[in-house]
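Subject: Structure handover

Hello,

My notes follow below it.

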Amino acid sequence: MNITELNSSLEAIIRKKEELSKLSYNDARYDDVEEELHDMEDDFNDNYGEYLEEVLAEVHDRICPDSDVLLPTAYLPNNLAGDEEELSHKEGVWVDSDEFPDREVRLVLIPNPTRLILSVGKNIKKEVWKA
């Protein structure tokens with residue numbers, strides 16, 4: 001697995017999500033940018049999905065066994081935070097964690113370096129896997 005290419009693809013998708021979020025539905029470019037994003041996500045899942053689904057299954061088994069593993073692109077944030085401290089607690093996939101019952105817990109896949117962050121509410125962010 002070429003981790004550098006994985007990270008670059010991850011970053012490109014998130015940048016495209018940022019671009020799309022800045023457009024209104026009435027913008028003439030909206031449909032084209034949205035289609036580009038979906039194509040990028042499909043390519044990402046085709047190229048890295050098997051590898052990342054194994055990683056996600058292992059992380060889910062350890063942290064949130066009652067939550068289903070989704071496609072890797074579901075775990076991506078909507079924008080590139082400078083680091084995990086700046087990452088919004090609303091990003092990623094909501095999961096059930098025995099370690100943090102009755103808390104809003106999310107898993108998010110972020111670049112630079114490529115890693116999975118467990119986000120619990122606004123204050124706890126914990127790296128649970130790194131490429």
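Glu 91 is buried (under 20% relative accessible area, with exposed over 50% and partly exposed in between, using a 1.4 Å probe and protein chains only), yet Glu 91 has no salt bridge. A salt bridge here needs a side-chain nitrogen of Lys or Arg within 4 Å of a carboxyl oxygen of Asp or Glu. The nearest side chain of opposite charge is Lys 17, 6.0 Å away. For charge, Lys and Arg count as positive and Asp and Glu as negative; His and the chain ends are not counted.

Before going on: this is a predicted model, where local features need pLDDT of at least 70, side-chain atom pairs count only at pLDDT 80 or more, and totals for chains, interfaces and linings use all residues. Residues are numbered from 1 along each chain as its sequence is written, and side-chain values use heavy atoms, with hydrogens and water left out.

Where does Glu 91 lie? It lies in the loop between α2 and β1. Helices (H or I, at least four residues) and strands (E, at least two) are DSSP runs, numbered from the N terminus. A polar atom of the Glu 91 side chain lies 2.8 Å from the backbone nitrogen of Asn 78. Setting aside residues up to four places away in sequence, Glu 91 touches Leu 76, Pro 77, Asn 78, Asn 79, Arg 106 and Val 108. Contact means heavy atoms within 4.5 Å.

Arg 115, Ile 117 and Ser 119 point one way. Leu 116, Leu 118 and Val 120 point the other way.

β3 pairs with β2 (residues 105-110), antiparallel, over 6 bridges. Pairing requires at least two DSSP bridges between the strands. Arg 106 stands opposite Ser 119. The β2 and β3 hairpin has 4 residues between its strands, and Asn 112 takes a positive phi near 65°.

β4 (residues 124-130) also runs antiparallel to β3, joined by 6 bridges. Leu 116 has Trp 129 as its bridge partner in β4. This hairpin has 3 residues between the strands; Gly 121 in the turn has a positive phi of about 60°.

**The core**

The largest nonpolar core has 30 residues. Such a core is a set of buried Ala, Val, Leu, Ile, Met, Phe, Trp, Tyr and Cys residues joined through side-chain atoms within 4.5 Å. Val 59, Leu 107, Leu 109, Leu 116 and Leu 118 touch the most other members. At least two residues each come from α1 (3-21), α2 (30-63), β1 (93-95), β2, β3 and β4. α2 gives the largest share, 10 residues.

Val 59 touches Cys 64, Leu 107, Leu 116, Val 128 and Trp 129, not counting residues up to four places away in sequence.

Leu 10 is in α1. It counts as buried because its relative accessibility is 0%. Beyond neighbours within four places in sequence, Leu 10 is in contact with Phe 44, Leu 76, Leu 109, Ile 110, Pro 111 and Thr 114.

Asn 45 is in α2. It too counts as buried, at 15% relative accessibility. Its side chain makes a polar contact with the side chain of Thr 73, at 3.1 Å. A polar contact is a pair of N or O atoms within 3.5 Å; within protein, one must be able to donate a hydrogen and the other to accept it, and residues adjacent in sequence count only if both atoms are side-chain atoms.

Best regards
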